[in-house]
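Thanks for coming. Please look at the structure first.

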Amino acid sequence: MYVDEPKITHAFQTGEGVSWGDHSACLFCGTEKFFRPGYQASLVSEWLPSLDGVIDKLEAGAKVADVGCGHGASTLVMAKAFPKSSFIGFDFHEPSVNRANELASDSGLANVRFDVAAAKNFPGTDYDLIAFFDCLHDMGDPVGVAAHTLEALRPDGTMMLVEPFAHDELKDNLNPIGRMFYSFSTMVCTPASISQEVGLALGAQAGEKRLSEVAAEAGFSQFRRATETPFNLVLEAKP
């Protein structure tokens, strides 16, 4: 993060923001290394089972999109666990998509691929599950992203949000984990959102209440906290 301190200083002075792709390439592999252990430890064993009916669909053969997938760590974990389902990861950052496809090739998995696409217009319909891992808050227009997601889901589909753990009130986040996430938010997440259209700037400590408002504004009728860890909130939205 701090390799890019001059860029962030400029963003504070001008209000221009800093796009994800304009950061040092060290951030992209570093982010994967930071989040991957949590996905490997919890995604298949705890997070997906906490969603209503999703495991049964994945075991039978579901259509899944992983939006904002980065290097594809979360996508590959799911694809390995559920060979009957098909997985596609989308990200607007082409170098990350290229790296994800390299990792997919190395894995030998035949049920996963990665394409370049923005979160507000990724292709495809009738998805059973559309997931966002630690990325919705980075997006300029998360309401627009969620609205597009709603259109792309099957009527009984699920939007899964994995977000950094946060309480709804600032004072409740002033602890070691919250301070870490606020630092990420200041250096990466909020400038990334500001650099895009709308620039809602949810930040990495948006909290469940604010995220539920985003889902409701996008048209989702159901929203709940499915499970949590000390580092993540796992949220479920349904049409």
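This is a predicted model: local features need pLDDT of at least 70, side-chain atom pairs count only at pLDDT 80 or more; totals for chains, interfaces and linings use all residues.

Residues are numbered from 1 along each chain as its sequence is written, and side-chain values use heavy atoms, with hydrogens and water left out.

The strand names come from DSSP runs, numbered from the N terminus: E of at least two residues for strands, H or I of at least four for helices. Strands count as paired if DSSP finds at least two bridges between them.

β1 and β2 are parallel, with five bridges. On another side of the story, β1 is joined to β4, residues 127–133, by four bridges, again in parallel. There, V64 has L129 as its bridge partner. β1 itself covers residues 63–67, and four of its five residues are buried, meaning under 20% relative accessible area with a 1.4 Å probe, protein chains only.

Moving on to β2, residues 86–91, five bridges link this strand to β3 in the parallel sense. I88 is placed opposite R113 of β3.

Now the whole sheet. What is the order of its seven strands? The order is β3-β2-β1-β4-β5-β7-β6, in an open sheet with mixed pairing. β3 (112–116) and β6 (222–228) are the edge strands, each pairing on one side only.

Note on methods
Buried means under 20% relative accessible area, exposed over 50%, partly exposed in between (1.4 Å probe, protein chains only).
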